[in-house]
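Below are my comments on the structure you sent. They are in numbered points, to be read beside the sequence and the model.

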Amino acid sequence: MSFKGTTKVLTPETTTPGWVNFVVAHKGEAQPLIEHYGFKRCKEGAFTIYRSDDHTHLILSGPGKIAAASATAYLFAILGEHRDMAWINFGCGGHRDMQVGEVCHAIKISEHNSDRTWYPQSVLPHVAQAAELMTVDIAEKDFATTAVYEMEAAGYFALASRLSSVELVHSLKVITDNRQTPWGTPKQAAKTMHTLLAPCIALEQGLRQLSNEVTNRSNANHELASTFFSTWHFTRTQQIQLGDLLRRFTHLCPETCAVNLTKDQRDAKGVLDQLTTATWHAAREFKLSS
Amino acid sequence: MIETIYIEDDIAHHPRTQRVLARFPRATRVPCQRYGEVFNRRSQNFRLQKMRPALILARKFDNFVLEAPSGYGIGGAHNFYFSHMLNCLYDCRYCFLAGHIALANYVLFVNTEDFEPAIEAQLRRCNTDEEVYFFSGTISLIGF
């Protein structure tokens with residue numbers, strides 16, 4: 001991986017699938033990850049970025065949802081805006097009843113004082129007990145609901161889910177305070193973070209594999225679409241239409257090469273019309289034969 | 001098979017909801033206000049979701065019965081369809097509708113009792129001596 005100093009972009013020498021990024025608020029919370037993955041600091045700037053040797057990155061966002069969102073976007077840009085990366089927000093939270101040290105895997109994230117909610121989609125087995133998160137602006141003391149209260153997930157998820165498929169975006173929290181044990185200091189909270197490490201590693205391994213699969217599939221689709229784009233000029237709307245059509249066409253006519261079928265067309269509109277007609281006929285033939 | 005079930009608050013206590021939940025006692029239950037919060041979100045990946053699709057239990061409010069497009073009827077003078085479910089349990093290689101909706105989670109509308117008056121109302125609007133067909137489908141018809 002090279003660091004292009006003038007453009008401040010970290011890009012790999014070769015395209016490598018299976019990216020995983022961690023977004024963590026504090027250095028103390030990140031310490032177990034830094035030790036396990038051998039993260040080395042690779043960039044200081046608006047945010048500190050760490051990198052391990054296998055294309056895994058960690059960014060320290062600082063507390064709060066705005067910081068978490070900003071750090072997520074920053075890391076995405078620094079890494080060259082690769083679309084199929086997996087993201088894990090790793091940190092601490094408080095709950096009314098759960099014991100300090102218990103680990104949670106977010107299934108729903110709500111933003112305090114707003115109607116906004118997000119639903120991480122888990123296509124891997126849950127690595128910890130499922131929990132709803134409530135993102136607040138200041139550390140919670142009352143725990144009015146049964147959610148896990150924390151301060152970053154809403155901002156992080158709102159951003160990361162725009163940059164990747166929601167199935168690749170997750171949040172893990174360890175309980176560091178409850179009604180009996182109030183929030184102390186980040187240093188104290190960091191002592192409980194080690195219980196989060198094993199589930200986090202399991203999640204990271206699963207997500208890396210998914211990121212790999214999605215990247216390979218995207219590359220194949222992009223290659224096909226690129227062939228069209230290099231031959232005809234497509235407007236942005238037409239590009240989206242082409243993507244939808246190719247998705248259906250490859251399902252309906254797997255033996256037919258879309259590029260060969262349309263090679264005599266004069267323009268993008270002709271390509272889209274021909275693919276639309278071919279798709280419609282293929283659908284009708286299936287229906288009539290069934 | 002189903003490991004996550006999203007449940008609209010409105011139908012959390014519906015008898016059909018309870019029957020479905022009883023079939024999947026170990027599934028993680030996630031409350032939501034409307035199924036669109038989960039189903040209509042962007043940036044979802046069909047192939048990833050198909051590995052472990054979730055079930056969304058919801059209430060349908062309108063468009064209970066729709067007219068089948070010309071050429072897609074199953075006989076008779078009038079053809080209508082109603083969808084009590086979105087998306088398909090299967091992943092047939094030959095499916096001509098695959099790819100229409102870019103996500104794989106299932107939505108099940110539990111208020112099937114509300115479909116009946118809509119079907120009856122549609123019947124009353126048709127001529128009594130004409131054949132009328134109603135087809136119950138899932139994504140097959142959402143794809144049209």
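1. The model is predicted, and local features are taken only where pLDDT is at least 70. Side-chain atom pairs count only at pLDDT 80 or more.

2. Chain B holds an open sheet of 5 strands, in the order β2-β1-β3-β7-β6. The pairing in this sheet is mixed. Strands β2 (28–32) and β6 (85–86) of chain B form the edges, each pairing on one side only.

3. Within that sheet, strand β1 (residues 4–8) of chain B runs parallel to strand β3 (residues 55–58) of chain B, and 3 bridges join the two. In this pair, B:Tyr6 stands opposite B:Ile56 of β3(B).

4. Helix α1 (residues 15–23) of chain B packs on the sheet, where it touches β1, β2, β3 and β7 (106–109) of chain B. The direction of this helix makes about 165° with that of β3(B).

5. In chain A, helix α1 (residues 27–37) packs with helix α5 (residues 197–231). Their axes are 11 Å apart and the angle is about 60°; α1(A) and α5(A) are therefore oblique to each other. The crossing of α1(A) and α5(A) is right-handed.

6. Which residues make the contact between these two helices? From α1(A) they are A:Pro32, A:Leu33, A:His36 and A:Tyr37; from α5(A) they are A:Leu197, A:Cys200, A:Ile201 and A:Glu204. Sorted by class, the contact of α1(A) with α5(A) has 6 nonpolar, 1 polar and 1 charged residues.

Definitions and conventions: Residues are numbered from 1 along each chain as its sequence is written. Chains are lettered from A and ligands numbered from 1 in the order in which they are written. Side-chain values use heavy atoms; hydrogens and water are left out. Two strands pair if DSSP finds at least two bridges between them. Helices (H or I, at least four residues) and strands (E, at least two) are DSSP runs, numbered from the N terminus. Contact means heavy atoms within 4.5 Å. Axes are lines fitted to C-alpha atoms, for helices over the stretch in contact, and angles run from 0 to 180 degrees between N-to-C directions. Angles under 35 degrees count as roughly parallel, over 145 as roughly antiparallel, 65 to 115 as roughly perpendicular and the rest as oblique. A crossing is left-handed if the near helix is turned anticlockwise from the far one by less than a right angle, and right-handed if clockwise. Ala, Val, Leu, Ile, Met, Phe, Trp, Tyr, Cys and Pro count as nonpolar, Asp, Glu, Lys and Arg as charged, and the others, Gly among them, as polar.
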